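Here is a short note for someone opening this structure for the first time. Please read the points with the model in view.

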Amino acid sequence: MIFVLGSKKGEMGSRARLWATEPPNLINVAVSRAIESLIIIGNANEWEGLGPMSEIVYQLRFKGEGVLSDLPQDE
C-alpha cells in the first residue's frame, strides 16, 4: 500500500493535516489494508505531532522500524 500524505508546508497545510489525522480513521484504514508493506510519502516534520502519525514517525526515527528518508524538496 502506498499512502501519500500531501499538504502545503507550515500553517497553510495545517487544516489538511488535521483532517487526515483527527479522527485517525483514514490512517487506520491505510495501515489495516497494507498486507505486505506500507509506504508513506510525506514530510515527517509536518506530520509527526498529529494523532497516530506521532507514533509512526517515532517508530521510524527512533526505533528503526522501517526507513525514513529525506528527499529533495522544491522551495
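**Notes on the fold**

1. Of the 75 residues of the protein, 21% are buried, where buried means under 20% relative accessible area, exposed over 50% and partly exposed in between (1.4 Å probe, protein chains only). This is a predicted model: local features need pLDDT of at least 70, side-chain atom pairs count only at pLDDT 80 or more, and totals for chains, interfaces and linings use all residues. Residues are numbered from 1 along each chain as its sequence is written, and side-chain values use heavy atoms, with hydrogens and water left out.

2. The protein has four helices and two strands. Their order from the N terminus is β-α-α-β-α-α. Helices (H or I, at least four residues) and strands (E, at least two) are DSSP runs, numbered from the N terminus.

3. The C-alpha trace spans about 35 × 30 × 20 Å along its principal axes.

4. Contacts (heavy atoms within 4.5 Å) reach along the chain. Of those between residues at least 6 apart in sequence, 60% join residues at least 24 apart.

5. Look at Thr-21, in helix α1 (residues 14–21). Is Thr-21 buried or exposed? Thr-21 is buried, because its relative accessible area is 0%. Leaving out residues up to four places away in sequence, Thr-21 touches Ile-27, Trp-47, Leu-50, Pro-52 and Met-53.
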